[in-house]
Number of protein chains: 2
Amino acid sequence: MSSTYPKGRITLREVGLRDGLQMVRTFPSTRAKQEWLTREHAAGVRHFEIGSFLPPARFPQFADIREIAALASRLGVFSTALALNERGAGDAIATSVDEIVVVVSATEEHSQANMRRSRVAAVELLRQTRQMADDAEDPPLVSVGISMAFGCSIAGNVAPDEVLRIAGDCIEAGADVICLADTVGYAAPRQVGDLTAKAVKLCGDALPVAVHLHDTRGLGIANAAASLDAGAQLLDGSLGGLGGCPFAPGATGNVVFEDLVFLCERMGFPTGIDIEALCAVREILTAEMPLEPVYGALARSGPPRHIAWSAV
Amino acid sequence: MSSTYPKGRITLREVGLRDGLQMVRTFPSTRAKQEWLTREHAAGVRHFEIGSFLPPARFPQFADIREIAALASRLGVFSTALALNERGAGDAIATSVDEIVVVVSATEEHSQANMRRSRVAAVELLRQTRQMADDAEDPPLVSVGISMAFGCSIAGNVAPDEVLRIAGDCIEAGADVICLADTVGYAAPRQVGDLTAKAVKLCGDALPVAVHLHDTRGLGIANAAASLDAGAQLLDGSLGGLGGCPFAPGATGNVVFEDLVFLCERMGFPTGIDIEALCAVREILTAEMPLEPVYGALARSGPPRHIAWSAV
């Protein structure tokens with residue numbers, strides 16, 4: 001645990017290969033995904049969400065997840081994958097994936113609509129996944145993503161105390177990481193800072209708090225800055241801001257990973273990532289998915305040339 | 001003064017008609033500018049930077065500034081204009097413009113390269129403009145924009161103490177507002193928060209602190225959030241993020257005004273602006289300046305439909 005998300009530094013996770021591909025019309029070939037992973041590894045990225053364990057017939061974009069997991073293992077990067085049910089959890093544990101994420105909704109309405117199960121049942125899946133993982137030879141981490149943590153596109157406003165209550169249940173069920181997810185891009189900086197600080201207090205020294213943000217309404221990087229100020233240790237982003245949301249049509253995707261790297265460096269958190277080499281990987285996205293817009297300012301402007309901006 | 005930038009609330013200023021047009025290849029007709037101003041006024045925007053007093057032969061985009069100033073006056077909105085020399089200041093004072101901005105560079109290198117004068121001479125222009133304004137029948141405010149306040153594309157890093165020293169000189173020379181400008185998009189949230197807080201302390205209750213941000217590297221809204229947390233009272237933005245920078249080729253422009261409105265509302269600062277009516281004004285930009293990219297997330301996604309997001 002301590003070696004995967006080391007205390008006292010920020011970890012950035014590239015989720016383009018999972019959340020970025022969740023809804024795309026076309027998706028990269030396995031070979032292109034392998035190049036994406038390999039080139040980002042060469043640029044210094046060490047944590048990736050690599051896909052979901054879902055039926056390949058319905059989600060062909062993740063049919064090659066075992067090959068991607070094997071490459072991640074060979075490269076020595078830390079790989080996370082999503083499991084939405086018991087079968088997915090079992091499939092994930094049978095691979096070399098380093099961390100399995102189970103999703104628990106912050107609202108009962110979204111839980112029922114999105115996953116056809118109650119929040120209590122989702123926490124039970126987390127507990128079961130934890131037990132399955134612990135029975136494995138090389139147990140992966142088991143984490144929880146609390147979706148709609150900053151507002152819900154079905155239930156509306158979400159009380160921070162409700163999110164913290166669910167986080168407490170997830171800790172009790174054995175979660176290794178608590179991830180607060182702004183699934184539909186409703187979050188704002190003070191709200192993110194407040195909830196992150198409370199989650200950090202709840203998790204204490206035992207568990208890192210992660211924050212998963214979408215840039216739907218332009219506040220993604222501002223929310224990331226607020227979460228960093230409040231003690232978040234792990235932040236998600238996707239290359240080029242890839243990845244929409246089924247509950248927010250027309251919305252932009254995850255917070256732009258390369259802009260997030262720049263933010264961290266400029267806030268004093270070294271990332272170890274070569275930002276220009278990272279930006280160059282965007283050419284894979286535009287070549288493989290010409291219909292998908294790519295976002296981000298840093299790739300357009302380049303880093304500042306006349307000031308010291310790196311945190312190293 | 002107290003009626004123009006009232007204490008205890010945030011003022012947002014739309015600078016698209018000035019900074020947004022400083023570098024464009026094509027520019028709107030006078031009639032389109034008038035529609036832009038009129039429709040934003042109808043959407044609730046009350047503060048505009050409307051242009052520069054510059055030679056029309058070299059800056060034809062501002063040749064109609066007197067007509068725009070007259071319309072601003074008729075609408076009852078507060079108008080700001082830039083004056084880069086004594087002639088410009090005199091021309092501005094002869095109109096109904098409510099505020100004249102004089103620019104002082106944070107670095108001697110940029111001052112010489114950009115304005116062919118020393119910083120001391122720029123502060124003297126501010127003092128002279130102040131005196132000219134005070135001699136007028138209906139004195140406008142005289143403000144200072146401290147350019148390159150967060151880093152310089154010529155001199156590199158800029159020490160906060162140096163910016164504060166210049167701000168002090170400008171207060172002594174009679175400035176009504178101190179505006180910290182991230183001219184080339186080098187600023188980062190903690191840096192903005194730190195310098196803004198120090199400037200607010202320096203200005204005390206006497207003067208408001210303004211912050212002028214560019215979104216060159218994706219941190220514009222995050223920097224705006226940091227400045228709001230630190231007590232900035234007046235923030236600039238441009239519709240659609242219009243406006244590049246001569247010192248940062250290929251860079252995006254000012255922070256996106258409509259995203260800034262959304263940020264303020266979500267941070268608890270009521271703006272009085274109808275954000276959807278504001279977004280609709282973007283059609284003037286795309287019709288009049290088809291070559292200029294327009295930016296911004298809020299116009300694409302719309303405001304959240306399922307949560308209370310307005311600060312009112």
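1. In this predicted model, H7(A) crosses H8(A) in a right-handed sense. Helix H7 covers residues 189-203 of chain A and helix H8 covers residues 220-229 of chain A; the angle between them is about 30 degrees and their axes lie 8 Å apart. Angles under 35 degrees count as roughly parallel, so H7(A) and H8(A) are roughly parallel to each other.

2. If you want to see that contact for yourself, display A:Pro189, A:Val192, A:Gly193 and A:Thr196 on H7(A), together with A:Ala222, A:Asn223, A:Ala226 and A:Ser227 on H8(A). By class, the contact of H7(A) with H8(A) has four nonpolar residues, four polar ones and no charged ones.

3. The crossing of H3(B) past H5(B) is right-handed.

4. Which residues make the contact of H3(B) with H5(B)? From H3(B) they are B:Glu86, B:Ala89, B:Gly90 and B:Ile93, and from H5(B) they are B:Leu125, B:Gln128, B:Thr129, B:Met132 and B:Ala133. Sorted by class, the contact of H3(B) with H5(B) has five nonpolar, three polar and one charged.

5. Now for the pockets. The largest pocket has a volume of about 1100 Å³. Its lining counts 49 residues, and those nearest its centre are B:Gln22, B:Leu54, B:Leu82, B:Leu84 and B:Asn114. The lining of the largest pocket holds 24 nonpolar, 13 polar and 12 charged residues.

6. Several elements of chain B each supply at least two residues of the lining of the largest pocket, among them strand S2 (47-53), helix H2 (65-75), H3 and strand S8 (234-237). The biggest contributor to the lining of the largest pocket is S5(B), with five residues.

7. The second largest pocket holds about 880 Å³ of space. It is lined by 34 residues, and the closest to its centre are A:Arg18, A:Gln22, A:Leu82, A:Leu84 and A:Asn114. Strand S4 (99-105), helix H4 (108-115), strand S5 (141-147) and strand S6 (178-181) of chain A each give two or more residues to the lining of the second largest pocket.

8. Which element gives the largest share of the lining of the second largest pocket? That is H4(A), with four residues. The lining of the second largest pocket divides into 16 nonpolar, 10 polar and eight charged residues.

Notes: Residues numbered from 1 in each chain as written. Chains lettered and ligands numbered in written order. Predicted model: local features only at pLDDT ≥ 70, side-chain atom pairs only at ≥ 80, totals over all residues. Heavy atoms only, no water. Axes fitted to C-alpha atoms, helices over the stretch in contact; angles between N-to-C directions. Parallel < 35°, antiparallel > 145°, perpendicular 65-115°, else oblique. Left-handed = near helix turned anticlockwise from the far one by under 90°. Contact = heavy atoms within 4.5 Å. Nonpolar A, V, L, I, M, F, W, Y, C, P; charged D, E, K, R; others polar. 1 Å grid on protein atoms, 1.4 Å probe; cavity = no way out; pocket = protein on both sides within 12 Å on 5 of 7 lines; lining within 4 Å. Points joined across faces, edges and corners; volume = space filled by probe spheres on them.
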